[in-house]
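This briefing covers a few local features of one protein model. It is meant to be read with the sequence and the coordinates open.

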Amino acid sequence: MSGQKKQIHVNAFNMNCVGHIHHGLWTHPRDRSTEYHTLKYWTDIARTLERGLFDGLFIADVVGYYDVYQGNVDLTLREAVQLPVNNPWLLVSAMAAVTEHIGFGVTATVGALNPYTFARDVSTLDQLSNGRIGWNIVTGYVDSGARGLGQDGLAEHDVRYDRAEDFLTLAYKLWEGSWEDGAVIADRARRIHALPEKVHAIQHEGPFYRANAIHMSAPSPQRTPVLFQAGTSARGRSFAGQHAEGIFIGAATPAAARETSRRLRQAAADAGRDPAALKIYAGVAVVAGRTEAEAREKYADYLSHASAEGGLAHFSASTGIDFSRYDLDEPIQYGKSNAIQSAAQAAQQQGWTTRRQLLEQFRLGSRYNTIVGDAAQVADELERWIDEGEIDGFNLTRIVVPETWEDFANIVVPELQNRGRYRTAYEPGSFRQKLFGQGDRLPESHPAARWRVRAGMQPAPAAEIPMEVQS
């Protein structure tokens with residue numbers, strides 16, 4: 001088995017809006033993203049992805065909107081830069097109903113939710129999808145969302161992670177520690193649906209949340225959803241090392257991906273977890289053609305519809321910097337940000353020091369790495385990123401919907417399969433089982449396992465288990 005090639009994992013990367021990553025492409029005549037508010041749009045996508053044997057659909061979200069660039073939302077609205085944006089969680093039931101295997105990694109912002117009710121939402125969808133739910137944990141990064149929630153602005157960067165730690169601890173207690181396995185017997189003759197002695201109220205007294213309650217939902221196939229996270233700041237790495245099963249990174253080169261991957265796996269080891277228990281995904285765009293010439297022609301066509309300035313407005317929100325204040329060749333002062341710290345750090349490391357340089361990077365409407373070529377060329381580059389970057393797979397952004405994912409499924413997937421790098425069929429089981437092959441539930445080494453209730457045992461009172469918040 002030592003000679004077996006590492007399998008490439010692929011999620012489709014999308015958002016419940018018109019313009020997600022590659023801004024301006026909604027104007028392309030073959031793009032369907034303006035149909036985002038219809039169920040058929042999403043069920044068609046789900047079927048396409050399952051036909052292409054994708055791991056899952058990774059759905060981004062933001063609570064708020066981008067008003068940093070030019071100090072308003074004018075460009076954001078004109079170019080549909082993630083505005084309007086709808087709730088991603090409400091899409092899952094419809095997509096799950098028309099598919100059998102594909103997983104759903106859905107984003108939820110901790111500061112906009114209550115863990116007690118959120119835990120029920122997740123359990124409900126995990127039940128309805130037969131164990132195919134994942135949660136992308138985000139802490140928020142735009143002041144507009146905080147203002148909409150009645151706050152003056154975002155809390156300090158690391159404090160947002162402290163809140164996420166507390167949120168997760170309470171959610172773990174609900175998912176893992178309230179209902180024992182076998183609590184539900186649905187015995188009609190004895191008129192007993194659930195055994196009271198096997199259902200327990202959990203107690204939680206944390207710095208941000210408190211609860212004394214029974215989880216409202218019976219256990220779902222996975223109990224805790226597959227946990228995704230995208231923060232790669234120092235605090236984000238620590239958080240990911242403790243909790244995440246899938247981590248989404250941005251990297252300009254395979255060497256940069258390797259450095260980030262090693263730091264993340266070390267963070268997992270430092271937290272007492274198996275570093276191999278992480279699946280690390282890099283964001284990438286792919287323009288594939290039956291020939292290289294066809295791919296290049298398609299890429300040029302896409303460029304003619306892209307909005308570099310839309311990409312810059314998005315990046316302004318990510319970094320908290322209004323780049324419109326700078327002349328084209330005026331040096332940009334990045335400084336410390338309360339938004340996505342890794343975004344500003346990456347820009348500085350790449351030497352993107354002027355607005356002209358940024359606009360060049362965003363020529364396809366985003367700063368994502370773009371692979372253009374025929375099946376063999378794309379496969380070569382994906383393999384290089386996997387092997388040299390020490391990553392596990394990719395979040396494949398949409399350029400034109402559904403063309404991007406149809407081309408990947410029809411052109412690239414067969415080539416990867418021929419190389420032994422991509423599944424030829426789905427294995428049975430939950431989202432977690434398909435990703436890791438070790439069952440539906442989180443392993444005992446994960447911090448959620450400490451809250452599991454064992455048969456016949458009451459969960460320990462909150463006072464007996466100190467609450468730990470990483471700083």
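The second largest cavity of this predicted model is lined by Val286, Val287, Ala288, Lys298, Tyr302, Glu403, Thr404, Asp407 and Phe408. Its volume is about 40 Å³. Helix α14 gives the largest share of that lining, four residues.

**Cavities**

- The structure holds three cavities of 30 Å³ or more.
- In the second largest cavity, β11, α9 and α14 each supply at least two lining residues.
- The lining of the second largest cavity divides into five nonpolar residues, one polar and three charged.
- The largest cavity has a volume of about 50 Å³.
- Residues lining the largest cavity include Val18, His20, His22, Trp26, Asp31 and Arg398.
- Five nonpolar, four polar and two charged residues make up the lining of the largest cavity.

**Helix α14**

- Helix α14 runs over residues 403-418, which is 16 residues.
- From first to last C-alpha, α14 reaches 22 Å, close to the 22 Å expected at 1.5 Å a residue.
- A kink of about 40 degrees lies at valine 412, shortly before proline 414.
- After α14 comes glycine 420, with a positive phi near 75 degrees.

**Cis peptide bonds**

- Most peptide bonds are trans.
- The bond joining valine 401 and proline 402 is cis, with omega about 0 degrees.
- Proline 402 is found in the loop between β13 and α14.
- The bond from leucine 83 to proline 84 is also cis, with omega near 5 degrees.
- Proline 84 has its place in the loop between α2 (74-78) and α3 (92-97).

- Most residues other than glycine have a negative phi.
- Glutamine 82 has a positive phi, near 55 degrees, and lies in the loop between α2 and α3.
- Glutamine 82 counts as buried because its relative accessibility is 5%, and the cut-off is under 20%.
- Leucine 53 has a positive phi near 60 degrees, and lies in the loop between α1 and β2 (56-60).
- Leucine 53 has a relative accessibility of 12%, so it counts as buried.

Terms used. Residues are numbered from 1 along each chain as its sequence is written. This is a predicted model: local features need pLDDT of at least 70, side-chain atom pairs count only at pLDDT 80 or more; totals for chains, interfaces and linings use all residues. Side-chain values use heavy atoms; hydrogens and water are left out. The expected span of a helix is 1.5 Å times one less than its number of residues. The bend at a residue is the angle between axes fitted to the seven residues ending there and the seven starting there. On a 1 Å grid over the protein atoms alone, a cavity is a set of points where a 1.4 Å probe fits but cannot get out, and a pocket is an open set with protein on both sides within 12 Å along at least five of seven lines; lining residues have an atom within 4 Å of a point. Grid points are joined across faces, edges and corners, and a volume is the space filled by probe spheres set on the points. Ala, Val, Leu, Ile, Met, Phe, Trp, Tyr, Cys and Pro count as nonpolar, Asp, Glu, Lys and Arg as charged, and the others, Gly among them, as polar. Buried means under 20% relative accessible area, exposed over 50%, partly exposed in between (1.4 Å probe, protein chains only).
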